[in-house]
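Take a look at the fold below before reading on. Keep the sequence at hand as you go.

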Amino acid sequence: TTPGGADLVSSGDIVSVQVSATEWATYATLKCADGYSASGCTSDYLASIDAETGKATLIGTTTGYTQLFGLGFWGEEVYGFTNSGEYVTIDITTGLATEKETITSGFWGAGTTTEPYVIVD
């Protein structure tokens, strides 16, 4: 549930990412089940997902964006993609998103590798 007590559901993608040589983390974007007009439900949320139990734990109190349908990871960054065409980075410690760019068409998902290749010279 949200800090205001509303029930949450998935708003888009879920992504598991390699964060160290032996450790993985899973993140998802969530929204209020009753929509964005419900009390305390003005944006989507970032949550960490326990891969063993499926339990979601909210990170922070808002992303600041709605309809985060796409979620991806590259390097040390989590990226969000909205239905309105916003491309954002999402801080995995605060849950806050920062806009990088807006394009004219919206996103309905994201596709990224969970284990980025490292090129060594």
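What follows is a short tour of this model, from its strands to its rings.

## Ground rules

This is a predicted model, in which local features need pLDDT of at least 70, side-chain atom pairs count only at pLDDT 80 or more, and totals for chains, interfaces and linings use all residues. Residues are numbered from 1 along each chain as its sequence is written, and side-chain values use heavy atoms, with hydrogens and water left out.

## Strands side by side

Helices (H or I, at least four residues) and strands (E, at least two) are DSSP runs, numbered from the N terminus. Two strands pair if DSSP finds at least two bridges between them.

Start with β3, which spans residues 45-49. Strands β2 and β3 run antiparallel and are joined by four bridges. Tyr27 has Ser48 as its bridge partner in β3. On to the next pair: β3 and β4 also run antiparallel, with four bridges. Here Ala47 has Leu58 as its bridge partner in β4.

How covered is β3? Buried means under 20% relative accessible area, exposed means over 50%, and partly exposed lies in between (1.4 Å probe, protein chains only). Four of the five residues of β3 are buried, so the strand is mostly covered.

The hairpin of β3 and β4 has six residues between the strands. Within this hairpin, Gly54 takes a positive phi near 85°.

Thr57 sits in β4, which covers residues 56-59. Thr57 is partly exposed, at 40% relative accessibility. Contact means heavy atoms within 4.5 Å. Beyond residues up to four places away in sequence, Thr57 touches Leu46, Ala47 and Ser48. Thr57 and Ala47 are ten residues apart along the chain, and their C-alpha atoms are separated by 5.2 Å.

## A loop residue with positive phi

Most residues other than glycine have a negative phi. Gln67 is not a glycine, yet its phi is positive, at about 55°. Gln67 lies in the loop between β4 and β5. With 26% relative accessibility, Gln67 is partly exposed.

## The nonpolar core

A nonpolar core is a set of buried Ala, Val, Leu, Ile, Met, Phe, Trp, Tyr and Cys residues joined through side-chain atoms within 4.5 Å. The largest one here has 14 residues. Which members touch the most others? They are Val15, Val17, Tyr27, Leu71, Val78, Val88 and Ile90. The elements that give two or more residues to this core are β1 (8-18), β2 (24-32), β5 (68-74) and β7 (86-90). Strand β5 gives the most, with three residues.

Look again at Tyr27. Leaving aside its neighbours within four places in sequence, Tyr27 is in contact with residues including Asp13, Val15, Val17, Leu46, Ile59, Leu71 and Val78.

Strand β7 also holds Thr89. Thr89 is buried, at 14% relative accessible area. Not counting residues up to four places away in sequence, Thr89 touches Glu77, Val78, Tyr79, Leu96, Ala97, Thr98 and Lys100.

## One disulfide

A disulfide is a covalent bond between the sulfur atoms of two cysteines. In this report, the term means a pair of cysteine sulfur atoms within 2.5 Å. The count comes to one disulfide. Cys32 and Cys41 form this link, with their sulfur atoms 2.0 Å apart. The angle about the S-S bond is -85°, and the link is left-handed. Are the two cysteines buried or exposed? Cys32 is buried, with a relative accessible area of 2%, and Cys41 is buried at 1%.

## Stacked rings

A pair of aromatic rings is described by the distance of the centres and the angle of the planes. Rings of Phe, Tyr and Trp (its six-membered ring) pair if their centres lie within 6.5 Å; planes under 30 degrees apart count as stacked, over 60 as edge-to-face and the rest as tilted. The count is two aromatic pairs.

| Ring pair | Distance of centres | Angle of planes | Class |
|---|---|---|---|
| Tyr79 and Tyr87 | 5.7 Å | 25° | stacked |
| Phe81 and Tyr87 | 5.5 Å | 10° | stacked |

Tyr79, Phe81 and Tyr87 form one aromatic cluster. Tyr79 is buried, at 16% relative accessibility. Phe81 is buried too, at 14%. Tyr87 is partly exposed, with a relative accessible area of 26%.
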